[in-house]
Amino acid sequence: MASRAAGTYPPVPEPLAHPVVDTHTHLDICTGVRLPLGAGEPEPEVRPDEDEEFPSLDFFFDTAQSAGVQRIVQIGCDLPAARWTTELVTQQSQQGRSWMLGGVALHPNEAPRLAERGMLDDALTEIESLVASDDRMRVVGETGLDYFRTGEEGVAEQQRSFRAHIEIAKRTGKALQIHDREAHADVLRILREEGAPEVTIFHCYSGDEAMARECADAGYYMSFAGNLTFKNADELRRAAAAAPLDRLLTETDAPFLTPHPHRGKPGGPYLAAVTARKLAEVRGMSEEDLCAAVWKNAETALGGWD
Ligand SMILES: [Zn+2]
């Protein structure tokens, strides 16, 4: 069975009128190097079989370039993925490809599992050294809280890990990318208590309009993924319309959260083009103006790619 072979992916959209950035993607999972975290990401809608074939890195590079998703941020969110990410980001820049920056962290569902085995502190130390090891590593993420996947027994360690990642981002001067699933109030409270890093991004923003105002007041970025296009996402679209233009970012969280009408299929960074078009529609802006704005926001938040 080869359900992830290149032919089964959603078609590559027409190129955007202006390029955008996929500020959060998991090429380690897209290419089958890593399986999804057991209880990690938003519900993996596709679980790879052992004998599945995966597209190569070049497939994701080529499709992203042709859709106008010229830049990406590769995120590794457990230790093996973090090591792989750091190596890949360094290697891509050595090969003269400037499309990729990187980020690493321990996912909020991974932290309690490591803590249980007495490995959380050593893992945090390694995350800090990986993110500090290369100037193209610009993000500490994804970290945060996930009360959907992790039960009460894991909350204390999850919060401790989140606080530690906030400190790492501040010490290393990197941006913080937050995973917040059904934990809005505690995520905002812990950011206030610790003092948020200069650049704080809600990856796969999932709050409502009131929370978007709160994030805007605090200067946080809100990064929108393919779920913005889902049929039942009216509340999320209202939040996207209410957020200030200079706080908006686009991403995929690929291979997850593939946009409508291909929801449930695996995706790649190229599908950030679909989300960007939806964002333009929601904001009542031209595609070109919206894309130019979020492109600039990504540079302001994360620095240059070239
Ligand atoms: Zn993710």
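**Helix α6**

I started with the buried side of α6, and listed Val155, Gln158, Gln159, Ser161, Phe162, His165, Ile166, Ile168 and Ala169 as its buried residues. The model I am reading is a predicted one. I then looked up what these buried residues pack against. I found α4 (111-116), α5 (120-132), β4 (137-146), β5 (175-181) and α7.

The spacing of the list made me recall a general point. An α-helix has 3.6 residues a turn, so residues three or four places apart point the same way.

Next I checked the length of α6. The helix has 18 residues, and its first and last C-alpha atoms lie 26 Å apart. That is close to the 26 Å expected at 1.5 Å a residue. I also looked at what follows the helix. Gly173 comes after α6 and has a positive phi, near 70 degrees.

**α6 against α7**

I took the pair α6 (residues 155-172) and α7 (residues 184-194). Their axes are 11 Å apart, and the helices pack at an angle of about 45 degrees. That angle makes α6 oblique to α7. I noted the crossing of α6 and α7 as right-handed.

I wrote down both sides of the contact. From α6 come Gln159, Phe162, Arg163, Ile166, Glu167 and Lys170. From α7 come Asp186, Val187, Arg189, Ile190, Leu191, Glu193 and Glu194. Sorted by class, the contact of α6 with α7 holds seven charged, five nonpolar and one polar residue.

**α8 against α9**

I moved on to α8 (residues 209-218) and α9 (residues 234-242). Their axes come within 8 Å and cross at roughly 30 degrees. This makes α8 roughly parallel to α9. The crossing of α8 and α9 is right-handed.

Glu209, Ala212 and Arg213 of α8 meet Arg238, Ala239 and Ala242 of α9. I sorted the contact of α8 with α9 by class: three nonpolar, three charged and no polar residues.

**Lys265**

I looked for Lys265 and found it in the loop between β8 (248-250) and α10 (272-283).

**α10 against α11**

How are α10 and α11 set relative to each other? I found their axes 9 Å apart, at an angle of about 110 degrees. The two helices are therefore roughly perpendicular to each other. The crossing of α10 and α11 is right-handed.

On the α10 side I listed Ala276, Arg277, Leu279, Ala280 and Arg283. On the α11 side I listed Glu287, Leu290, Cys291 and Val294. By class, the contact of α10 with α11 has six nonpolar, three charged and no polar residues.

**Helix α11**

I closed with α11 (residues 287-302). Its 16 residues should span 22 Å at 1.5 Å a residue, and its end C-alpha atoms are 22 Å apart, so the two agree. The buried residues I noted in α11 are Leu290, Cys291, Ala293, Val294, Trp295, Asn297, Ala298, Ala301 and Leu302. Just after α11, I found Gly303 with a positive phi of about 90 degrees.

Conventions:
Residues numbered from 1 in each chain as written. Predicted model: local features only at pLDDT ≥ 70, side-chain atom pairs only at ≥ 80, totals over all residues. Heavy atoms only, no water. Axes fitted to C-alpha atoms, helices over the stretch in contact; angles between N-to-C directions. Helix = DSSP H or I, 4+ residues; strand = E, 2+ residues; numbered from the N terminus. Parallel < 35°, antiparallel > 145°, perpendicular 65-115°, else oblique. Left-handed = near helix turned anticlockwise from the far one by under 90°. Contact = heavy atoms within 4.5 Å. Nonpolar A, V, L, I, M, F, W, Y, C, P; charged D, E, K, R; others polar. Expected span 1.5 Å × (residues − 1). Buried < 20%, exposed > 50% of the residue type's maximum accessible area, 1.4 Å probe, protein only.
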